[in-house]
Amino acid sequence: MSKTLRLILGDQLNPQHPWFNEISDKVEYVMIEARSETDYVVHHVQKILGIFAAMRRFSDQLRVQGHRVSYIRLGDKSNRGSIKDNLLAMLEEGAYDRFEYQLLDEWRVDEMLQSLCAEIRQESSAYDTEHFYTERSFLAGFFSGKKQTLMESFYRALRKAEGVLMDGESPVTGQWNYDASNRKKLPKEISIPRPFVFHHDVSDILQELESSGVKSIGKVKAKEFIWPLDRKDALALLDHFVNELLPLFGDYQDAMTDRDWSLFHSRLSFALNLKMLSPREIVDRVEEAWRSDPDRVHISQAEGFIRQILGWREYMRGIYWWKMPEYAKLNYFDHQRELPRWYWTGETKMSCLRTAINQSLEHAYAHHIQRLMLTGNFALLAGCDPDEVDHWYLGIYIDAFDWVEITNTRGMSQFADGGIVGTKPYVSSASYIHKMSDHCTGCHYDHKKKTGENACPFNPLYWHFHHRHREKLESNPRIGMIYRTWDKMSPDTKNVYLEQAEKYLSEIDYL
Ligand code: FAD
């Protein structure tokens, strides 16, 4: 009897994929917990636990439906370590005459599977994951021959093509983008809903990780694991978001606070990146929430959210498949500094970074502006090596997968691509952080002080960054103003800034 082996990866947990429409004893699925995946970077313990626990559930659910599934656990004696070696062994020993897989999202794994397919005797074929709106090669074609690769033009084209928030060829309200109303500071009196979390017991998997010697960072309460582990959980998280958080999502999308770690963010990225949910169903659900009750969910909230998924997420994937593998090596500013030690401990006197890093260690999560304007901003101002920055982000966040992490980190956050993703570096001094957060109150450093004792490090580093990269940045029309301000300062003032910045850089591990 001819038999097919089908691979399901840890980020391909979509029970609605057409593969599963038919139950056949001629098809065997294989899922592998591999050391090659736990070890390619040091991950947050919750990320490894979450992916393995979700994979185990997925395989159980497939079996209950009648599918044949081979599941190779990390601690199994027969486990050969890498996905490739496990597959090679199965394909050599088993009576399979076909090998099938779903298209990969990561360059690294894609290359590995292509080389495997070239080695094996069986015929092989790849299926679409049917997850994304656009194909891998879409963006290259979309921007072909164009100088600018703006997310906004891609986003508008996709809104039109998909008819999302559209009235014929025009946006429903006549306005494409509500970005300007998505930048409010959190009022003191606002009540923040308690984060909706799960309480799964994953302590058995934690034990396996420990006994296998897998290295990790971060903390976990393994008997009260907070992340969604299957589609049912993911749908409950989506319900919670739409019912409780969406009405204020857009307003406070950029706000930061010591009071809470999740605010009005959906925390859907983990479920989404594992494909438990599809971007389309989330976008449709949010549009429907606005259409059915626009007084409860204002268009600025709905558009603000849809832009993240239909716009940014899809765009970042397009950039990845267009620009890899070169993208992973870009270092426009030639930054070489090691990341400060406190990125791994949270032990810094800067209150904003302490909050962002500690919550990342605690929950494997920080929201977008924390990643961009706190940890990312500091690393860029300080001149940290984008390789180091990439590894940190890829390791620490529960939702971090190369295709979306690297474009966000190297591109949006570190400007290491020289302006493919962003039109200017996302950097700021303390005034932005103070404006958008309550972190500065009670901080060891003074956000108003530019130099001298206890001056907030973001202030002198901001000028140091612009000064040292003048050649690369001053012709950028979005930055010119900054150099005009700098040029108006007296040489003495400039020197004091630069000396203060040098001092801070020399003691960076102790800031
Ligand atoms: P929400 O604020 O609720 O947003 C909704 C959804 O929009 C997210 O779930 C996500 O799927 C999507 N989204 C929002 N912004 C982006 C973006 N810039 N790129 C892609 N999708 C976006 N996102 C990841 O999924 N994985 C990563 O590894 C990752 N690394 C990042 C690294 C840096 C330096 C930065 C600045 C951003 C990174 N992001 C990454 C994007 C974004 O920060 C996260 O998607 C978001 O914080 C996830 O939390 P949430 O689900 O609560 O998002």
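V69 sits in strand 3, residues 68-72. Strands (E, at least two residues) and helices (H or I, at least four) are DSSP runs, numbered from the N terminus. The structure is a predicted model, in which local features need pLDDT of at least 70, side-chain atom pairs count only at pLDDT 80 or more, and totals for chains, interfaces and linings use all residues. Residues are numbered from 1 along each chain as its sequence is written, and side-chain values use heavy atoms, with hydrogens and water left out.

V69 has 13% relative accessibility and therefore counts as buried. Buried means under 20% relative accessible area, exposed means over 50%, and partly exposed lies in between (1.4 Å probe, protein chains only). Leaving aside residues up to four places away in sequence, V69 touches Y29, S59, L62 and R63. Contact here means heavy atoms within 4.5 Å. A140 is 71 residues from V69 along the chain, and their C-alpha atoms are 37 Å apart.

Helix 7 spans residues 203-212, and I205, L206, E208 and L209 are buried in it. Viewed down the helix axis, these buried residues fall within an arc of 160 degrees, so they line one face. The arc is taken from the directions from the helix axis to the C-beta atoms. An α-helix has 3.6 residues a turn, so residues three or four places apart point the same way. The buried residues of helix 7 pack against helix 2 (45-65). Q207, E210 and S211 are exposed on the other side. After helix 7 comes G213, with a positive phi near 75 degrees.

A cavity is a set of points where a 1.4 Å probe fits but cannot get out. A pocket is an open set with protein on both sides within 12 Å along at least five of seven lines. Lining residues have an atom within 4 Å of a point. Grid points are joined across faces, edges and corners, and a volume is the space filled by probe spheres set on the points.

Four cavities of 30 Å³ or more were found. The largest cavity has a volume of about 350 Å³. Its lining has 24 residues, with G10, D11, E37, I51 and F401 closest to the centre. Helix 1 (35-39), helix 2 and helix 4 (107-119) each supply at least two lining residues. Helix 2 gives the largest share, five residues. The lining of the largest cavity divides into 14 nonpolar, four polar and six charged residues. Ala, Val, Leu, Ile, Met, Phe, Trp, Tyr, Cys and Pro count as nonpolar, Asp, Glu, Lys and Arg as charged, and the others, Gly among them, as polar.

The second largest cavity has a volume of about 80 Å³. Its lining holds nine nonpolar, three polar and no charged residues. Among them are C352 and C456. Helix 12 (351-363) and helix 16 (430-436) each supply at least two residues of this lining. C352 is buried, at 8% relative accessible area. C456 is also buried, at 9%. The closest cysteine sulfur to that of C352 is in C456, 6.3 Å away, too far for a bond. The whole structure contains zero disulfides (pairs of cysteine sulfur atoms within 2.5 Å).

The second largest pocket holds about 390 Å³ of space. Of its 14 lining residues, V197, K221, E224, I226 and H363 lie nearest the centre. This lining divides into six nonpolar, three polar and five charged residues.

Key:
On a 1 Å grid over the protein atoms alone, a cavity is a set of points where a 1.4 Å probe fits but cannot get out, and a pocket is an open set with protein on both sides within 12 Å along at least five of seven lines; lining residues have an atom within 4 Å of a point.
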